[in-house]
Amino acid sequence: MKLFVRLVLLLCSSAIYAQTTLIHNVHGYSPTQKGELTTFTTLVFKDGKVVKTGNDSIIDEFPQANKIDGKERTLLPGLIDAHGHIIGLGNNLLQLDLRGSQSVNEVGKKLQAYAAQAPKGWITGRGWDQTLWPGKQFPTARQLDEYINDRPVVLTRVDGHAVWANSKAMALAGINKDSDTPPGGEVIRLNNGQPSGVFIDKAEQLIVTHIPPATDEQRQLALNTAGKHLLSLGITSAHDAGIEYATWHLYQQRAKQHTLPLRIYGMLSAGDSHLSEMLKHGVIKEKNDYLSIRSVKIYADGALGSRGAALLEDYHDRKGHKGLMLETQPQLETLLKQSFSHGYSAHTHAIGDKANRIVLDSYENIFNKVGGKLLRNRIEHAQIVHPNDIKRFKALSIIPSMQPIHATSDMHMAEQRLNNEQLRGAYAWQTFLTQGSKIAAGSDFPVELANPFHGLHAAVTRMSRNSQPKNGWRAQETLNREQALRAFTLDAAYAAFQEYKLGSLEQGKWADFILVDKDYFKVNAAQIADIQVLQTWLAGNLVYQR
């Protein structure tokens, strides 16, 4: 870790910017501002920025350059994840990871093994998904008690929209049969009315507010751990979807120290009690483009897997239930107005078709009253959109910020939750692009794995890692390879007002790029997910080498 921090400290050192560097003998690709895909065999950069790209003939133009043989590897712009949770990822890498667990028993065994070496006190973890288990039913506190009953345990669902607590945690939180359910949340109850141990969306706060807050040291470690991981995957910039007050301070501190591990575009959490104070501080933009904070993350509804996404019609597998709106339309409009009045964009989480419609209505109303349409506002996820509402994204200049991997990880669950009519506007990437919308692509880590090549594979194939279904799920919405790469680079940069600095290897832009082991544009589509990052360069500096 010390070596990693020292490496980051070098990033803004003028000494290492002094010499022109030239990487040749590569298969280079980059989108361009003109909407084209440029290819090259040589990349030249100096002072952290791109000087020129071209074929081998340009090598002679730079006789004094430090020359690096790319050994015929593929060179791409640094990838941008337009929706993730950086500190959450770091915590996830450091705490109990339950991703992929196939049963309650498997969760319990992992929990016991983790508890044996974890410090005393609360045990937290993340990644369980009941749709992978026999019966697909939500678990209970009593089931957790069978494994750990003398320490409070709180385990977050893979999507972050539900927590599962044991009886000790519920007792410490004062949860009982008479506990009220907060608006925008759901407490799953047993037949006798007692809380079962699962708390959805805003009901999570009944439990999680009792967990001791993270220390500054823990946040620092989480940031370093996440940064190191993301750089190893070729991600040079990440959009952090919902930062709270302590993280807001941490990012500014590290930016001043020139020790941010990668570029961060931060969205303030609309639910943070210090939102007004953070907004009054104004837009934050670090001169070397390592930190930009100029948007607010708002939650409109929950997630599909926990049936919290707000739908226009009933869930196919739970009649009489349409999900949860976490904010009313007046509340949404108040948050939009508050954001716009401080020059901040609004990026609103909406998964269900009802939530997407209400969010679009809210944007339209506030645009008509106070403006704000030019702030590159976004709807985060835009997963299930009524076909009649898709065109409104373009009309209102709303950017669909979408995560391709969600389609392939959700496809079987989505077909259980929704009927075919509800799925007509689901994960509709090609429809959005065809109408002229730009897609900002990401992964939603740690909900999904952060590997961007998994997302690129999903975008191009609409298939799982084992190539199912055979012709792709709702394959009319696949992207071609150029469209997918652009969504993870230049269009993601556009969604952060950074397209003139990041996202492509054009003259004058930051030299953020990666070398990978397979040619993304030529390898069999099924192998895109297996591409490995060999080197990651940030502002012309090698920050990761496999």
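Contact means heavy atoms within 4.5 Å. This is a predicted model, in which local features need pLDDT of at least 70 and side-chain atom pairs count only at pLDDT 80 or more, while totals for chains, interfaces and linings use all residues. Residues are numbered from 1 along each chain as its sequence is written, and side-chain values use heavy atoms, with hydrogens and water left out. Helices (H or I, at least four residues) and strands (E, at least two) are DSSP runs numbered from the N terminus.

**Helix pair**

- Helix 10 (residues 329-341) packs with helix 11 (residues 353-370) at an angle of about 50°, and their axes are 9 Å apart.
- Axes are lines fitted to C-alpha atoms, for helices over the stretch in contact, and angles run from 0 to 180 degrees between N-to-C directions.
- Helix 10 and helix 11 are therefore oblique to each other (angles under 35 degrees count as roughly parallel, over 145 as roughly antiparallel, 65 to 115 as roughly perpendicular and the rest as oblique).
- In helix 10, the residues in contact include L332, L336 and F340, and those of helix 11 include I358, I366 and F367.

- Six strands in the order 3-2-7-23-24-25 make up an open sheet with mixed pairing (two strands pair if DSSP finds at least two bridges between them).
- Strand 3 (37-40) and strand 25 (541-545) are at the edges with a single partner strand each, so one side of each has no neighbour in the sheet.
- On average, neighbouring strands of this sheet are turned by 20° against each other, direction ignored.
- Strand 2 (residues 27-31) and strand 3 run antiparallel and are joined by four bridges.
- G28 has F40 in strand 3 as its bridge partner.
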